[in-house]
Amino acid sequence: MVDPEVLERIAVRCAELDRLEEQLVKQLDQVRADRDELAVAERVLARMSEQIAGERAAVAPASAQVGGRAVPLVPHRGDSPDETALPGDYRRILEIVRAVGGPVQVRTMGEELGLQVEVRGKLEPLRAKLVELADRGWLRKLGDAKFTARL
């Protein structure tokens with residue numbers, strides 16, 4: 001014969017386990033719903049990232065690999081007369097040269113850009129950019145090492 005107290009304990013334990021199972025099923029449903037939402041968010045984010053990358057690639061100036069580094073390419077003016085094809089720092093240089101309205105020295109350009117003009121090494125990269133713009137037809141380099149805007 002089975003003790004009624006033991007049967008009572010078994011019934012209580014079964015009820016506890018039923019409640020626990022119910023809670024776990026609810027939690028599992030919530031976890032699955034959250035996981036589904038994350039999967040949708042991940043797909044949306046991937047699509048948006050692809051779209052943004054495509055837009056940036058369409059707007060960004062072309063670059064080349066030199067010594068393992070990406071270096072922006074400056075197009076020839078005849079190939080692309082639109083200044084938006086130039087990298088931002090090159091467009092800024094053109095703006096400054098045009099704003100000055102006459103021949104500009106590298107040192108003056110450095111001052112306008114906020115460079116340490118006392119340090120020669122700070123001006124050399126700027127000089128290289130000015131020469132590159134002149135070589136590509138965006139600026140004109142004068143004999144006295146000054147630069148002017150092309151009309």
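Val106, Arg107, Met109, Gly110 and Leu113 in helix H3 meet Leu123, Leu126, Arg127 and Leu130 in helix H4. Contact here means heavy atoms within 4.5 Å. The residues of this contact divide into 6 nonpolar, 1 polar and 2 charged. Ala, Val, Leu, Ile, Met, Phe, Trp, Tyr, Cys and Pro count as nonpolar, Asp, Glu, Lys and Arg as charged, and the others, Gly among them, as polar.

This is a predicted model: local features need pLDDT of at least 70, side-chain atom pairs count only at pLDDT 80 or more, and totals for chains, interfaces and linings use all residues. Residues are numbered from 1 along each chain as its sequence is written, and side-chain values use heavy atoms, with hydrogens and water left out.

Helices (H or I, at least four residues) and strands (E, at least two) are DSSP runs, numbered from the N terminus. Two packed helices are described by the angle between their axes and the distance between the axes. Axes are lines fitted to C-alpha atoms, for helices over the stretch in contact, and angles run from 0 to 180 degrees between N-to-C directions.

| Helix pair | Angle | Axis distance |
|---|---|---|
| H3 and H4 | about 110° | 10 Å |
| H2 and H3 | about 110° | 11 Å |

The angle makes H3 roughly perpendicular (65 to 115 degrees) to H4. H2 and H3 are therefore roughly perpendicular to each other too.

H2 covers residues 88-100, and H3 covers residues 106-113. Arg92, Ile93, Ile96 and Val97 in H2 meet Met109, Glu112 and Leu113 in H3. That contact has 5 nonpolar residues, no polar ones and 2 charged ones.

Now take H4, residues 120-135. This helix has 16 residues and reaches 22 Å from its first C-alpha to its last. That is close to the 22 Å expected at 1.5 Å a residue. Its buried residues (under 20% relative accessible area) are Leu123, Leu126, Leu130, Glu132, Leu133 and Ala134. What covers them includes H2, H3, strand E3 (139-141) and strand E4 (147-149). Just after H4, glycine 137 takes a positive phi of about 90°.

Strand E4 holds threonine 148. Threonine 148 is buried, with a relative accessible area of 9%. Which residues does threonine 148 contact, leaving aside its neighbours within four places in sequence? They are Val97, Gly102, Pro103, Leu139, Arg140 and Leu142.

Conventions
Angles under 35 degrees count as roughly parallel, over 145 as roughly antiparallel, 65 to 115 as roughly perpendicular and the rest as oblique. The expected span of a helix is 1.5 Å times one less than its number of residues. Buried means under 20% relative accessible area, exposed over 50%, partly exposed in between (1.4 Å probe, protein chains only).
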